[in-house]
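Trainee: I am new to this structure. Please show me how to read it, feature by feature.

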Amino acid sequence: MTRIWLLIVLFAAPALGMAETGIPAVAVTDSPDGGQTWSVSVQVLLLMTALTMLPSMLLAMTSFTRIIIVLAIFRQALGTPQTPPTQVLIGLALFLSFFIMHPVLSTAYTEGVTPYVNGDMEMMQAAGQAMAPFREFMLGQTREDDLSMFAGLAGDDGYASEQDVPLAVLIPSFITSELKTAFQIGFLIFIPFLIIDLVVASVLMSMGMMMLSPMLISLPFKIMLFVLVDGWGLLVGTLASSFLSS
């Protein structure tokens with residue numbers, strides 16, 4: 001119990017010190033070039049808010065959505081609802097997303113984060129520079145029909161250039177396109193396993209073994225087929241190339 005109180009005092013001490021010295025919680029300083037610089041406390045608050053939004057950004061603005069949906073459909077088609085485990089699929093999707101998004105992340109860090117850390121750029125300008133590679137990535141993967149649909153729902157007739165597309169329209173358009181692409185790839189993956197299930201069910205029916213589950217008999221054949229054709233290499237390579245070739 002004593003350790004808990006010591007930790008509370010340790011974390012509360014900086015806040016008490018700021019209150020005693022009268023450091024303002026919010027301060028805005030005008031820059032010589034006409035911009036504005038916020039106080040450190042506001043910047044830390046915005047940074048913590050951004051960190052809480054990282055899971056949503058991972059789902060909405062990267063390749064993670066397409067990858068995890070395709071892997072889930074593959075597991076269902078294989079007939080093993082618990083294998084590979086969900087944690088393994090999420091880990092594979094995360095690291096594959098990091099591999100695909102590495103050029104985008106590197107560009108965002110170089111053009112946005114580094115100038116801000118060095119003091120060469122204000123926060124809002126750095127955020128815009130860091131967002132530019134993600135905008136380019138999402139625009140490259142978004143269908144024009146989906147973009148037009150959400151632009152119409154937003155009441156916009158059209159945009160003069162890709163840079164004029166607001167994030168409020170681009171992000172849902174990108175997610176919708178990713179869902180469509182993921183289900184298209186999942187459909188193509190499902191077909192070979194479905195054929196094996198149909199063949200096994202027909203053979204069992206012709207032999208009069210109607211009480212025996214076709215899924216139980218077809219599972220070893222599906223696993224054998226998947227291993228013989230190097231299924232994991234084909235699946236992961238196809239997912240990666242579907243982004244890198246765009």
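Trainee: Let me start with one residue. In which helix is F190 found?

Mentor: F190 is found in helix 8. Helices (H or I, at least four residues) and strands (E, at least two) are DSSP runs, numbered from the N terminus. Two ground rules come with that. Residues are numbered from 1 along each chain as its sequence is written. This is a predicted model, where local features need pLDDT of at least 70, side-chain atom pairs count only at pLDDT 80 or more, and totals for chains, interfaces and linings use all residues; side-chain values use heavy atoms, with hydrogens and water left out.

Trainee: What does F190 contact, leaving aside its neighbours within four places in sequence?

Mentor: Contact means heavy atoms within 4.5 Å. With neighbours within four places set aside, F190 is in contact with I73, Q76 and A77. The C-alpha atoms of F190 and F74 are separated by 6.8 Å, though these residues are 116 apart along the chain. F190 counts as partly exposed because its relative accessibility is 29%. The scale is this: buried is under 20% relative accessible area, exposed is over 50%, and partly exposed is in between (1.4 Å probe, protein chains only).

Trainee: How many helices and strands does the chain have?

Mentor: The chain has 10 helices and 2 strands. From the N terminus on, the order is α-β-β-α-α-α-α-α-α-α-α-α. Of its 246 residues, 30% count as buried. Take the contacts with a separation of 6 or more: 67% of them join residues 24 or more positions apart.

Trainee: Where is confidence lowest, and where is it highest?

Mentor: Where pLDDT is low, the predicted coordinates should not be read in detail. Here helix 1 (residues 2–21) is lowest, at a mean of 40, and helix 4 (residues 64–78) is highest, at 89. Over residues 2–28, pLDDT stays under 50, and the model has 14 contacts beyond four places in sequence for them. The chain mean is 76, with 76% of residues at 70 or more.

Trainee: Which peptide bond is cis?

Mentor: First, the general idea. Most residues other than glycine have a negative phi, and most peptide bonds are trans. In this model, the bond from T83 to P84 is cis, with omega near -5°. P84 sits in the loop between helix 4 and helix 5 (86–117). D230, in the loop between helix 9 and helix 10, has a positive phi near 55°.

Trainee: Is T62 buried or exposed?

Mentor: T62 counts as buried because its relative accessibility is 9%. T62 lies in the loop between helix 3 (54–61) and helix 4. Beyond four places in sequence, its contacts are M57, M101, F137, F174 and E178.

Trainee: How many aromatic pairs does the structure hold?

Mentor: A pair of aromatic rings is described by the distance of the centres and the angle of the planes. Rings of Phe, Tyr and Trp (its six-membered ring) pair if their centres lie within 6.5 Å; planes under 30 degrees apart are stacked, over 60 edge-to-face, and the rest tilted. The structure holds 7 such pairs. F137 and F243 form a stacked one, 6.0 Å centre to centre with 20° between the planes. F137 lies in helix 6 (residues 123–141) and F243 in helix 10, so the pair ties together parts 106 residues apart in sequence. F137 and F243 are both buried. The pair of F226 and W232 is edge-to-face, because the ring centres are 5.5 Å apart and the planes are at 85°.

Trainee: Which residues do ring pairs link into a cluster?

Mentor: The cluster holds F74, F193, F226 and W232. F226 is buried, with a relative accessible area of 11%. W232 counts as partly exposed, at 35% relative accessibility.

Terms used. pLDDT = per-residue confidence, 0-100.
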